[in-house]
2 protein chains.
Amino acid sequence: MTFVIIGGDAAGMSAASRARRNSPDLEIIVLEKTEDVSYSACGMPYNLADPDRDINELVVRQASVFRQKQNIDLRLGHCAEAVDPAKKTVSGRKAGGEAFEIPYDQLLIATGAAPVIPPISGADLPGVVGLKTLDDGRRIKGILARGDIRSAVIVGMGYIGLEMAEAFSERGVRVHLVKPRPELLPWMHEKLSAVVLEELQRNQAGVHAGQEVREIRQTPDGLKVVCSDMELDPQIVLFAVGVRANSEIARDAGLNLGPHGEIAVDRSLRTSDPDIFAAGDCADAYHVVSGQKVWVPLALRANRAGRAVGDVVTGKPVELQGVAGTAVFKVFDLEIARTGLSVKEAASAGFDPVDQVIFASNRAHSHPGASRVGVHIVGDRASGRLLGMQMVGKDGVAHRIDAPAVALHAGMSVADFLECDLAYAPPFGPTWDPMLVAAEQLIKKLK
Amino acid sequence: MTFVIIGGDAAGMSAASRARRNSPDLEIIVLEKTEDVSYSACGMPYNLADPDRDINELVVRQASVFRQKQNIDLRLGHCAEAVDPAKKTVSGRKAGGEAFEIPYDQLLIATGAAPVIPPISGADLPGVVGLKTLDDGRRIKGILARGDIRSAVIVGMGYIGLEMAEAFSERGVRVHLVKPRPELLPWMHEKLSAVVLEELQRNQAGVHAGQEVREIRQTPDGLKVVCSDMELDPQIVLFAVGVRANSEIARDAGLNLGPHGEIAVDRSLRTSDPDIFAAGDCADAYHVVSGQKVWVPLALRANRAGRAVGDVVTGKPVELQGVAGTAVFKVFDLEIARTGLSVKEAASAGFDPVDQVIFASNRAHSHPGASRVGVHIVGDRASGRLLGMQMVGKDGVAHRIDAPAVALHAGMSVADFLECDLAYAPPFGPTWDPMLVAAEQLIKKLK
């Protein structure tokens, strides 16, 4: 039995390791087009913030460990180009140009996602970058090391854009955030995103929403970014407007794709071909609240889906529940977290969403060091079910969000969530946690 | 209709406020034996740590606000001494000695709990204190203000003892913790309590487990605490060996009590007399995991139970789910949290507990500032159900515990908890949160 994996990052290597643990004799071949496997992509903004940290610190496990300790046939510099589901082969080219063709019994496509770089003039200039692979990180680190980077334009205000705003600022680089849509974080309630805007401005980041990038030009002093009605003159431009699934190989093999080009999989990570699996940022998932397909390319899901494939191919059936859309990130001193559905997502999933925003202290009455936590909660009018929660605050937000995430997996009502015996001590919050305050106020609207 | 409440702290004033909100015309009389209502008892150790903070900052709402804005007949200095369920009256004495007798239609006993001071010689000396009421806090603050307190003996190592160890240390007072039992925190797994011990010792606190206090004597220089086989010479002794329910008035009225003297109530907070309710630290609760009665005198439950009584007496039926036993506290730089059942509690509740301890990083791979989080997880062999979790760590523990608390309310299995889409970003934890790592390792043992 030969298990072939295309892609040696989170999902691919998780699948390989799990399959090996379950089956000492299985032949496991991993085809990775770069020279890097198993690195912490999410750690890149934090590494880039510190000139003294080597980017290779982000490598979690060396290729040699997979090869020698786990007997995984890890082939670096192997770019898979085509899958033939009838012949059950993967073909492609090695870094040197030499062609290869490998037969598989079971195949995992774990090709990840790539940053979207819009097709504008100048998008291919040196100094215009995306951030997804370790090589992207190396490129940015190299540019920053030149010492002449005074200002950066970040296109997009998702979590990569905001994390990189902090990273550039820590390197002494003035940051301008630019995005075409007028809303700062469109999925976030405006009262919470106003807090994020305040934090960005407090840290001297320029925030230019409603500005489309039309063109980038090389100048003697760096780059000129021409937007809808302004121009900026940075030395580096980072595109962080989102990612798209690397699913060409799946599409060309005739596998079903979702609406954004992500590979469609069932709860056991099987594609429309029963011998081909997909996992990680290239594949979709079920949402535990809506039951519908979603595409949420995040690290925990990639790891979990990879492990599940490792189990399934070695004869241990697994059906994953899916994702709650939980995400958290930090921007300067602010923690930003979400789980479940926003009002808009809930409405389009067929719910009748009712929502509430509250601001409360993150400390008990009179405890020093208090600051405000903003909570946005969404429930369903018809069933009373909890549908989602979003939070911003200076501390305690990142881990608080796990509580409603668990509640969403359990299908809890807002009323049941309000009954939960959450932790209380004065340094960590008021007696009624802000999440409970939000739930109580929402219930009044649901009735 | 007259609603009489004995006790003007968390449960009593929550009930009064909620009842008023529901019913503008109800006569609401609160009998409080002290001159204080509605203060943050849990905030006292933190207030005592800071000589510049007035202890009255802990008062959340002044008596005048309850009287004028909420039309609550709040009678301070009224000590209730007896309830006559047949006549439906409460009788007692005012601070000046004058007797009173008040008829009720519905009665709430919210008399709280008091620190246990063992009947040893010298327990009544000045300088020997407990910490429960605001007056206790004033007494300790006054003693500390004398400026001659060089060392303190704290008897007991529950959360009050440990929080006060930190508070005394911050005031420059050398701390000795003394307790009769050999275990530091008997409910905690020994690998986790070893971390707590290390933190206490790192902060120069003397930890003397297995030492019973035999006698306390006045000396020219302060106090002499005679233990099983050592003597200590502090200027202040704090008894923090636990509390007992202030339930004499309920017992004398013939109401049913639980095994520790706490007042037995149903899910609507009714005692064995249908017109008498009990809530707060004097009353028991159902445990959401075992379904059995437990006595967990903590602030959130007191507030929640008080509100529920306010609803029930005004014609809004409420049945509370109960408590998960969630608790959190801070000692120096360490956060300590628990929810659900320990192995011992699970076994005595009829489960077949299986447990696992893990230590993991509280940051992603290579992220700076990492420290260890210890997680102890308990599951039931027969059903696979999650029964409890305990954690220690330098940050992120206090809020993490809410996730398993919600899971316990939902009756989740360990396997379902492992599927939860928890938050991940490098500053806040590894991709697989330590709680998920613990769940995964426990599942191997459960199978």
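## A strand and its partner

Let's start with a pair of strands in chain A of this predicted model. One spot to look for along the pair is Ala327(A), which sits opposite Arg338(A) in β22(A).

The two strands make a hairpin, with two residues between them. Look in the turn for Phe332(A): its phi is positive, at about 55°.

## Covered on both sides

How many residues of β21(A) are buried? Five out of five, so to speak a mostly covered strand. In a regular strand, side chains alternate between the two faces of the sheet. Here, Ala327(A), Phe329(A) and Val331(A) are on one side of β21(A), Val328(A) and Lys330(A) are on the other, and all of them are buried.

## Where chain A meets chain B

β21(A) also turns up where the chains touch: along with α8 (299-313), α10 (397-400) and α11 (402-409) of chain A, β21 (327-331) gives at least two residues to the side facing chain B. The largest share, six residues, comes from α11(A).

Overall, 50 residues of chain A are in contact with 50 residues of chain B. What is the chain A side made of? Its residues split into 31 nonpolar, twelve polar and seven charged.

## The nonpolar core

The largest nonpolar core counts 311 residues, and Ala279(A) and Ala279(B) have the most contacts inside it. Leaving out residues up to four places away in sequence, Ala279(A) touches Ala11(A), Ala15(A), Leu108(A), Ala110(A), Leu269(A), Ala302(A), Ala305(A), Gly306(A) and Val309(A).

Terms used. Residues are numbered from 1 along each chain as its sequence is written. Chains are lettered from A and ligands numbered from 1 in the order in which they are written. This is a predicted model: local features need pLDDT of at least 70, side-chain atom pairs count only at pLDDT 80 or more; totals for chains, interfaces and linings use all residues. Two residues are in contact if their C-beta atoms, placed from the backbone, lie within 7 Å. Helices (H or I, at least four residues) and strands (E, at least two) are DSSP runs, numbered from the N terminus. Ala, Val, Leu, Ile, Met, Phe, Trp, Tyr, Cys and Pro count as nonpolar, Asp, Glu, Lys and Arg as charged, and the others, Gly among them, as polar. A nonpolar core is a set of buried Ala, Val, Leu, Ile, Met, Phe, Trp, Tyr and Cys residues joined through C-beta atoms within 7 Å. A residue is buried if 20 or more other C-beta atoms lie within 10 Å of its own, exposed if 12 or fewer, and partly exposed in between; C-beta atoms are placed from the backbone. Two strands pair if DSSP finds at least two bridges between them.
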